[in-house]
Amino acid sequence: MIVDHAFTASERQAVYRVISERRDMRRFLPGATVPEEVLARLLQAAHAAPSVGLMQPWRFIRITDDRLRERIHALVDQERALTARALGPRGEEFLALKVEGILECAELLVVALGEGRDAHIFGRRTLPQMDLASVSCAIQNLWLAARSEGLGMGWVSLFDPGALAALLNLPDDAEPVAILCLGPVPEFPDRPALELDGWAFARPLSEFVSENGWAVANDR
Ligand SMILES: Cc1cc2nc3c(=O)[nH]c(=O)nc-3n(C[C@H](O)[C@H](O)[C@H](O)COP(=O)(O)O)c2cc1C
C-alpha cells in the first residue's frame, strides 16, 4: 500500500506562500505589541528546528528593558558606521539604507550560540560551524512562523559579538549571532528591501544549480 504523506493542496500552498512572502523587515508599527501566546508559539517553532547531533545550540534572550534596548541599538549604530567606512565608495549609499528597526519593533530578541558546544562532535568534527547552521534553522523557523502570524521580523547582524556578549553577560564560550526585531509592520513589500533600494539584486535559481560537479558561469 502506498501512503500519501503529502499535505493537502491548500496546506502546501500555505507553506510555499509563507516562504515566498517572508521578508526581512526594518520598519515596524511603533507602539504595537505581540501577544504573549503568539510569542510563545514563535519560540516553540524556533525550538522545533533541526540541529546537528540534536545539540540544540540556540539560546533566545528576550529584551524587555528599554535601557538595554537602547544600548543594543547604540552597538549596532557603531558597527553601522564602521561598516560604512569599510565599504569605501559605497559607504554613503549604505548609510542611507534602513538596516534595523531595533527601537521601533514590538519585541527584541537576541539569539546566541550556547555554552559547552565543544562537547558536541557528532556532525561537527570536520564542520564545527554546523552549530551556527543549526541556529540559523531555528531563526528561519521563527521568521516563517512570524510571517504566517502576520508579523514582520528583521535579522540584524551588524554588531560586535564580544561587546554584545559582555552587555548581556553571556558565558565565555557562548556567542550572540543575531538580533531579531519582531512585531507588527505597516506592510510587507513583495521584493527584498535591498532590491527596492537598489543596493543589490537577487539572481535566479538557474545560476546556483549544477549537475555532477561545479559549473563555470557559462555552462549554467
Ligand atoms: C544571516 C543574515 C544576516 C542579516 N543581517 C542583516 C542586517 O544586519 N541588516 C539588515 O538590514 N538586513 C540583514 N539581513 C537581511 C538580508 O538583507 C535579507 O534577507 C536579504 O536582502 C533578502 O531579503 P528578504 O529577506 O526580504 O528576502 C540579514 C539576513 C541574514 C540571512
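Ser 51 is buried, because its relative accessibility is 14% and buried means under 20% relative accessible area, exposed over 50% and partly exposed in between, with a 1.4 Å probe and protein chains only. The model is predicted: local features need pLDDT of at least 70 and side-chain atom pairs count only at pLDDT 80 or more, while totals for chains, interfaces and linings use all residues. Residues are numbered from 1 along each chain as its sequence is written, and side-chain values use heavy atoms, with hydrogens and water left out.

Ser 51 sits in the loop that runs between helix 2 (36-47) and strand 1 (58-63); helices (H or I, at least four residues) and strands (E, at least two) are DSSP runs numbered from the N terminus. The side chain of Ser 51 comes to 3.0 Å from the backbone nitrogen of Gln 56. Beyond its neighbours within four places in sequence, Ser 51 has contacts (heavy atoms within 4.5 Å) with Gln 56, Pro 57, Trp 58 and Ser 134.

Leu 39 belongs to helix 2 and is buried, at 4% relative accessibility. With residues up to four places away in sequence not counted, Leu 39 touches Val 34, Arg 62, Glu 107 and Leu 182. Leu 39 and Arg 203 are separated by 164 residues in sequence and by 33 Å in space, C-alpha to C-alpha.

| Residue | Protein atom | Ligand atom | Distance |
|---|---|---|---|
| Arg 22 | side-chain N or O | oxygen | 2.8 Å |
| Val 99 | polar backbone atom | nitrogen | 3.0 Å |
| Trp 155 | backbone N or O | nitrogen | 3.1 Å |

Taken alone, the ligand exposes 620 Å², of which the protein buries 71%; accessible areas come from the Shrake-Rupley method with a 1.4 Å probe.

The structure has zero disulfides, a disulfide being a pair of cysteine sulfur atoms within 2.5 Å. Cys 181 is in no disulfide, and the nearest cysteine sulfur, that of Cys 105, is 4.1 Å away. Cys 181 is buried at 0% relative accessibility, whereas Cys 137 is partly exposed at 32%.

Definitions and conventions: A polar contact is a pair of N or O atoms within 3.5 Å; within protein, one must be able to donate a hydrogen and the other to accept it, and residues adjacent in sequence count only if both atoms are side-chain atoms.
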